[in-house]
Amino acid sequence: MDSKVRADKFTTPEPAELLKHLPARIQDSYQRFALTGDIQAADEVVLAIIKDHVPTKKAALIPTVLTDSSTLIGDLGIDSVSIADALFVLEDVFDVSISNQDLVRLRTVGDLKIFLRSRLANKSA
Amino acid sequence: MPRQALVTGLGFITPIGNTRAAVAQSLREGRHGIETVEFLGNPHLSIKVVGTIKEFVAHTPNWRDWRFPASYDIPKEALRGLSPHGLFALCAIEQALGDAQLTAADIGDGATGLYCASAGSTLLAHHHLTRLLESRGERCGPLGVVSSIAGTLNFNLAAHYGIRGAVGGFVAACASSSHALGCALDDIRLGRQKRMIIVGAEEATAESILPFAAMRALSTNPDPATASRPFDAGRDGFVGSGGAVALIIEEAEFAQQRGARIYAEFAGWGQAADGYNIAISHPQGTGLVDAINRALQDTRIDSGQIDYINAHATSTPAGDRSEALALQTVFTAAGHTPPISSTKGLTGHPLSMAGVMEAAFCSLAIKDGFIPGNAHLRDIDEVCRGLNLPRETLPTPPRTVLSTSSGFGGSNVGLVFRRV
C-alpha cells in the first residue's frame, strides 16, 4: 500500500502524542527529522521505539546489547507480538506501511533502521 | 473422603476498599463506595452514580496514561496487553498471592490453575474497532484482540504469571465468576489441580455501564447513599460498579502441609438455568431454587444448616423479586429464616466480578465472625415477607454460608462456604 494514498484516506494519531512518554531528546529528534528530514534523527527515534519494547528483564542489557547486529527476538527478547506493536508505532509515527513480507526480513536492529531509511527516502522522493 | 477445597487467599480492588482490612471494615460499618459521576461529560444523562474504583485512574485506552498505587510493580510488557480491568485483576491477584503467602514462583509448576470472569473491555474494543473502521480495515492495534475480547484476563494473567495448569474464562454476565468458582472447585475435587486462582473484574466505564441504562436496568436515583437498595420497595435499578477480586483455593491437605492460613472451606456449589428469558430472571425464581438446592445437595446439607445468605439481589425491581421468592421457597417454606443480605447496597453491582467478590466477602464474614447487613434498606418490599433481612451488621459468626448469583439468560449459581 502506498503510504501517500493511505494517508489521504484517514488520519493517523499525531506523532507527538505517540512519542510523549519518551525522553524529551527523542521528541526533539522527531521534530528535527520532521523539519529537516535529518535521517540520523529518524534513526534515534527508531532506536527509542525499539528500546521501549525491550522487556524489563532485558532492559539492563541495552547499553551493551543494542547494536545494529542485535537480533530483535534473540538478543533483545522482544516477542513477535511486541515487534508487531513496535512496527505499528513506527508506521504511525513515520506514516509508512510495513507488510508481512517486509516483516520476515527484519531480524536485526540494523535491518529495521535500513528499512525505515529506504521507506522514508521513497516517501520524500 | 472426597478432596476438600479451602480458601487461602483474597485480593480486593473494590468500591468499598482496596485491601482486605478496608473491605472488612466497610462491610462491618456499612460504608458504601458509590459516588456521583458525570459520564461522557453529559449532565443530561439520567445515570448519576457508580461504584467507583479508588486510587486508580484507568478509564482511557492508552495504558501509559493509567495511574495506580506504586506498591504494584507491573512491567510495561505486562501493561501493554492489559485492559483497565486486566490491571485491576493483576493487582487483585498480587494481593491474593501475598495474602496466601505465595509468590509468583509458587504458581508456575502446573499444579495451579487460573479461572477468570470478564465481559471483555468494551472501552478497548471500541477504541481499536474505531481505528479499524475509520481506516476501512487497514489499521488496528496489534494488541487490540488480546486486550479487549472476553478472554483478555486469562490471556494476559496466565502469561504474566507463567500458569501451566488449567486456564480458562467464563462468560455468563453476572454469574460469570460464580461459574468460575464452581468449576475451580470441581478441578480440586477431581484431583486435577492442587490450587486454583479465581479472578473477576470489571471496568466501570461509560462503555461498560451505560449500555445497561438502555435496558432500563440502572437506577436513576442520583443519591449515592440510597441508589443501590436491594429488597427495598423503592428500589429502581442497579448501580454499576467495577474493580477486581481474586480468590485462591487449595486442596486441603496441600494447604495444610504448607501451613496456609485458612479463611473457610469452599464446600459445594450448584447451578441451574431458568430456560426462560435472555435478560429477565424467571418471575418465580425457579432456576435459582434449583441452583440453591443443587448447591445444598452437593454440600450434603439441608436448608436449615445455612446461617447466612449473601444474596445476589442487585436492586432491580424484577431481579430482587425473583430472588426473594426463590429464597422463600427454599428457606421460609421449610421453616428456616437465616439472615439474608445483599452487599450490593454498599458496592453497587460489578457484573462479572460480583460472584467472586461476594464469595470473598462470605470468606471474610466466616473468618472474622460477622454478618453484613442490608445497607440502605428502609422500606422492605412486601414481596420479601418471611425473609430475615437485618439492616445492620450482626456480630454473629456464621458457620455455613450460601452465596447466590444470577446472570443474563437465566444462569443461576449457589455457592456454599463453611467455617473450618
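Predicted model: local features only at pLDDT ≥ 70, side-chain atom pairs only at ≥ 80, totals over all residues.
**View 1. An open sheet of 10 strands in chain B.** Follow the strands across the sheet in the order β5-β4-β6-β7-β1-β8-β12-β11-β9-β10, and you will find that their pairing is mixed. The edges are formed by β5 (167-170) and β10 (340-341) of chain B, each of which pairs on one side only.

**View 2. Helix α3 against the sheet of chain B.** Here, helix α3 (residues 84-99) of chain B packs on the sheet. Look for its contacts with β1 (5-13), β4 (112-117), β6 (195-202) and β7 (243-251) of chain B. The direction of the helix makes about 130° with that of β1(B).

**View 3. Strands β9 and β10 of chain B side by side.** Strand β9 (residues 308-310) of chain B pairs with β10(B) in the parallel sense, over two bridges. To find your way, look for Asn310(B), which stands opposite Ser341(B) in β10(B).

**View 4. Asn412(B) and its surroundings.** Asn412(B) belongs to strand β12 (residues 411-418) of chain B. Is Asn412(B) buried or exposed? Its relative accessibility is 3%, and because buried means under 20%, Asn412(B) counts as buried. Leaving aside residues up to four places away in sequence, Asn412(B) touches several residues, among them Gly270(B), Gln271(B), Asp274(B), Leu288(B) and Ser405(B).

**View 5. Polar contacts of the Asn412(B) side chain.** The side chains of Asn412(B) and Ser406(B) are joined by a polar contact of 2.8 Å. The side chain of Asn412(B) also reaches a backbone atom: the oxygen of Gly410(B), at 3.0 Å.

Terms used: Residues numbered from 1 in each chain as written. Chains lettered and ligands numbered in written order. Heavy atoms only, no water. Pairing = 2+ DSSP bridges. Helix = DSSP H or I, 4+ residues; strand = E, 2+ residues; numbered from the N terminus. Contact = heavy atoms within 4.5 Å. Axes fitted to C-alpha atoms, helices over the stretch in contact; angles between N-to-C directions. Buried < 20%, exposed > 50% of the residue type's maximum accessible area, 1.4 Å probe, protein only. Polar contact = N/O pair within 3.5 Å; in protein donor to acceptor, adjacent residues only side chain to side chain.
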